[in-house]
Amino acid sequence: MFQNRAEALALALPAAIFAAAVFLVPVVILLSDGFRNPAGGWTISAYIDFFSSPLNQAVFLRTLKLGALVTVVSAVIGYAAAFAIVNLEPGMKGKVTGLVVLPLMISPVARTYAWIVILGRTGIVNQAFQALGISDVPLRILFSETAIFIGLLQLFLPLMIISLISALENMPKDAVPAARVLGANWFQVFWKVILPLTKEGLVVGGTLVFTGCLTAYITPAILGGSKVLMLETLMYQQVSVSNNFVAASVIAFILIVMSFAANILLKRVATARNKQRRAAA
Amino acid sequence: MTVARSLFIPLVLFLVIAFLIGPFLIIVAASFSAGETLAFPPQGFSLRWIAKVFTVESFRASFGMSMFLAIGGTLAALVLGIPASYALSRYKLPGAEIVRTIVSAPIIVPGIIVGLALLRYIVVPFQIGITLALFMAHTALILPYAVRVVSASLENLRSDIEEAAVLLGSSRLGAFFRVVMPNIRGGILSAFILGFVTSFNQVPVSLFLSGPGVRTMPIDMIAYMEIVFDPSVAALSSLLALMSIGIVFAAERFLGFSRYV
């Protein structure tokens, strides 16, 4: 540990000043716009206006709903997948984990674009439905909440699976066999043994997925179109179509509060775990 | 083990991987189509759409722009981030937590907000060009990754070897370049790759900062697919994916990239 303060500041300040100037100060000013009263002083009337519009309410609720739904479904699929991966033999485990991580390196635009081919009017799903006689006319799957849900799930499922894999690997190896020997059925094993022991991994994965859904732009923009909006696409529309910067600031504040809340939760769980570890050691 | 359980694992894995990778394989297949529109199964086989990618003028321009932002932004983030990481891990820095929070904040705030704030309060008032604004935004975005990855590799390096170098008469700067840098080379390269891929695939930050003629690759792809529904975006997506997977695989193979991330 070096003690020279001037040297330390000279090394650290350029990065801090750059981040403050390019990022922190503009963002804080942007956020303050939503609280500024045109006649002077501060007000929350922009927030009351925002939430009194039925359209905005619908977008806000849809964002929360899709975020929650994607998080829950990815947790369910994630546990099954992570459990299956952890139980593979070592060589296979690495390869399958690689396949799960692979999509994270592919541009989200490309990954979202694929769903147009699959869900579009002449897409694979509609071709199959018509061939099987389920429907005569092409179904409208694209530009709906369903399409956004599928796109977001595919985008963020890998993050959940990775978080759960490391949680399951850190679990004591004999916990599950022990519970089985003592007569627990698989439901009880999951609920009373696996879930409590992997809670932190679930929270980490859940936070990543939930904040990812909140702040995803490409998926709702491409798969939701201009009618089925989420908060990010609504914000873009408010700026580029309506020039309404106050509404954009309100949405920005809501998004930041929601992602910060999720991140604080994440930190709290992480510190709780460290305390437990220290207590155990 | 019952039959039901022995079937469970392969079935779950098959379905999950099909869901995660399948759509992308469809895109790859569609890019070899001979037909006029994007469709699966592809109509015939040809390389015409792969070839077309290289002839679309806007793709060439936006690819160049994204390459510039990804490489330039990552280098700038490293130039700022390496000294900051070093100060955070080796010095008693007053306000260390504040510095750490400020440099890693751009990762928490949604990109679309960063882009809009920069446009409204830096670009417009100070009359900054779009390219410079994009460069600043991407640098700020990559900075948290650079600091995180470089800090992690500094933490893994014992600090007494550089203290020894200083005691033996090296200057602090000399010790850094001759003792520390060679040892964190892998971390720096990992930070570079992570920054490159993050910047190249980034959309929301660049959304408001793209003007006529100045577009990043992914934004240009979105704009193109809104107008033309031919397989060229599929072909381009396949080529770009090949590029980023290639980079990450090479990094993993030669550096053990995943140790640092």
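Reader: Why is B:Pro106 called buried?

Author: B:Pro106 has 23 other C-beta atoms within 10 Å. A residue is buried if 20 or more other C-beta atoms lie within 10 Å of its own, exposed if 12 or fewer, and partly exposed in between, with C-beta atoms placed from the backbone. The count of 23 meets the cut-off of 20 or more, so B:Pro106 is buried.

Reader: What are the ground rules for the model and the numbering?

Author: This is a predicted model: local features need pLDDT of at least 70, side-chain atom pairs count only at pLDDT 80 or more, and totals for chains, interfaces and linings use all residues. Residues are numbered from 1 along each chain as its sequence is written, while chains are lettered from A and ligands numbered from 1 in the order in which they are written.

Reader: Where does B:Pro106 lie, and what does it touch?

Author: B:Pro106 lies in the loop between helix 4 (96-104) and helix 5 (111-126) of chain B. Helices here are DSSP runs (H or I, at least four residues), strands are runs of E (at least two), and both are numbered from the N terminus. Leaving out residues up to four places away in sequence, B:Pro106 touches A:Ala19 and A:Phe23 in chain A, plus B:Val114, B:Ala140, B:Leu141, B:Leu143 and B:Pro144 in chain B. "Touch" means contact: C-beta atoms, placed from the backbone, within 7 Å.

Reader: How far from B:Pro106 is B:Arg253?

Author: Their C-alpha atoms are separated by 30 Å, and the two residues are 147 apart along the chain.

Reader: What makes A:Pro26 buried or exposed?

Author: A:Pro26 has 24 other C-beta atoms within 10 Å, so it counts as buried. A:Pro26 is found in helix 1 of chain A. Beyond residues up to four places away in sequence, A:Pro26 touches B:Ala117, B:Leu118, B:Tyr121 and B:Ile122. A:Leu159 is 133 residues along the chain from A:Pro26, with 30 Å between the C-alpha atoms.

Reader: How many residues of chains A and B are in contact?

Author: 63 residues of chain A are in contact with 65 of chain B. On the chain A side, the elements giving two or more residues include helix 3 (54-86), helix 7 (145-169) and helix 13 (245-280). Helix 1 of chain A gives the largest share, 18 residues.

Reader: What makes a set of residues a nonpolar core?

Author: Its members are buried Ala, Val, Leu, Ile, Met, Phe, Trp, Tyr and Cys residues, joined through C-beta atoms within 7 Å. The largest such core has 160 residues, and A:Ala19, B:Ala84 and B:Leu118 touch the most other members. Helix 7 of chain A gives the most to this core, with 15 residues. A:Ala19 has partners in both chains, among them A:Leu24, B:Ile102, B:Val103 and B:Pro106.

Reader: How do you know what span helix 10 of chain A should have?

Author: The expected span is 1.5 Å times one less than the number of residues. Helix 10 (residues 199-215) has 17 residues, which means 24 Å; its end C-alpha atoms are 24 Å apart, so the two agree. Of those 17 residues, 15 are buried, so helix 10 is largely enclosed by the rest of the structure.

Reader: What confidence does the predictor give?

Author: pLDDT is the predictor's confidence in each residue, from 0 to 100. Chain A averages 88, with 96% of the residues at 70 or above. Chain B averages 87, with 95% scoring at least 70. In chain A, helix 13 has the lowest mean (80) and helix 3 the highest (95). In chain B, helix 12 (residues 232-255) is lowest at 84 and helix 3 (residues 57-90) highest at 94. The complex gets an ipTM of 0.86 and a pTM of 0.88.

Reader: Why does pLDDT matter when coordinates are read?

Author: Where pLDDT is low, the predicted coordinates should not be read in detail.

Terms used:
Two residues are in contact if their C-beta atoms, placed from the backbone, lie within 7 Å.
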